[in-house]
Amino acid sequence: MFKSFIAGILLGVALGVAALYYVPAVDQVREQSMIEVKPNGGNTESFHINVPIDRIMVGAPNQQVALPLGLEWPSNNLFAGIRAELFKIRNAKDIVVGVASRVAASGGERGDIIEWVLHLPARGSVYLTMQPEAVIGGYRVGELRAGTREFSLLQGQVTERWIVDTAASDDATAGRIELKTEFVGRLEDQ
Amino acid sequence: MMKYVISLIIGMLVGIAALVLMLYFNPLTSQNKLSPLSVTDNDVITLHYSAVAQDSLIYTNDGESQVDPHPIKVLQLWEPAIRLTRAMATVLLDSRGQTAGIGIKFSSDSESSNILDGAAIVDSVWHIYLPGRGSLFIGQSENYWSYLRKVVIPAYRSSGDNWRGTWYGNITSGPGALGTARVVGGSGDFSGIDTEAVEALSAKAYSVELGPVAIDGELLIEIPRRGEPDNAATEESIGSLRIDPPDEPSYSL
């Protein structure tokens, strides 16, 4: 009986280790990546944000209605020229795949800035800096400044544009922000 | 026969309990409290924030977690792909306690978590804007194992369902080899820099019901001097990818 007790201890430890090793502590849901591969080996991916339903926060001075309700945006003059927004972001199938922040600020002599951070939990994050002025055609061009995990070895461009929802239905959104990325592996890593 | 089966089952339960205790008290997984940036010759920016949800501008999660979203009406991250994600926007203070800017943090539970290794990993990014100075992006892996072991589990073991004390530790565990986060500058004074940072937590109170009650966060960001190799590494050309201009109305955000 003592031998079976000792065997049970060893078996318990082994089972515990096996369970901790083989059963993932975290299992992120990963939606299928809707990527279009380009002839040069790069890839194009389109994300969008339905406004206003995907807006989590609009932080800006002197807003008539706070979003979310109860948000107390700092009245400090330091924040006078800042507009910070948080969103949920969707893939081409209109499925939420991550969250994003957009910071726009008037930098005075340093010039204006517009930046995005897209955070896709199952894949990684990207940091995008945009040119403040929209180019002909009504879209804004930016570049990938940094990425984490599967985006860490990429470089490329991104565009953002505002698309008005012209649908006449009652549940139509005001429009959507479209972000289109074109990333390719860095030459030194290929 | 039956007594052998019973002793085997009791032995297995003892074995599992021993494994749990071994993992909990494993000294090899203790966290280094010394910041890797404490020996740098470069300037270090220190930014402080409150890690308590109620002190932030907004904090949101799936709405079913221990910590309640703030404010109460904020959109919750209930969709499957972002259910294990938290988003926070907060005011950042400098080392003198003056308002320095705004920080937005996204953090998600990581699939690289492994309890056997003492790794409770969270992948997180900071999007920081400091008016008058510029913007920064911080990408990091955080390991909350020591925090769980020293703060959270003791709160659950306490008869009052809370923990009070003093705990300080670095939570950044990568991707840098020394357990540092990667920092990339976006604009202003920080434009073009590629450097490192460490995030630390200082806990004083934790409640099983409410989560963190008195916990401050600290970001230490190394700022290399201009002309040093760290800066040169960021001056990379962008590829020749093009996107055809669409015919759409002007952007009106």
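Predicted model: local features only at pLDDT ≥ 70, side-chain atom pairs only at ≥ 80, totals over all residues.
Residues are numbered from 1 along each chain as its sequence is written, chains are lettered from A in the order in which they are written, and side-chain values use heavy atoms, without hydrogens and water.

Helices (H or I, at least four residues) and strands (E, at least two) are DSSP runs, numbered from the N terminus; two strands pair if DSSP finds at least two bridges between them.

| Strand paired with strand 8 of chain A | Sense | Bridges |
|---|---|---|
| Strand 7 (residues 124–130) of chain A | antiparallel | five |
| Strand 9 (residues 154–164) of chain A | antiparallel | five |

Strands 8 and 9 of chain A form a hairpin with six residues between them, and A:Arg149 in the turn has a positive phi of about 50°. Because seven of its nine residues are buried, strand 8 (residues 139–147) of chain A is largely enclosed by the rest of the structure; buried means under 20% relative accessible area (1.4 Å probe, protein chains only).

Turning to chain B, which elements contribute at least two residues each to the lining of the largest pocket? They are strand 3 (85–93), strand 4 (99–109), strand 5 (121–130), helix 2 (145–157), strand 10 (194–207) and strand 11 (211–223) of chain B. Helix 2 of chain B gives the largest share, five residues.

Key. Buried < 20%, exposed > 50% of the residue type's maximum accessible area, 1.4 Å probe, protein only.
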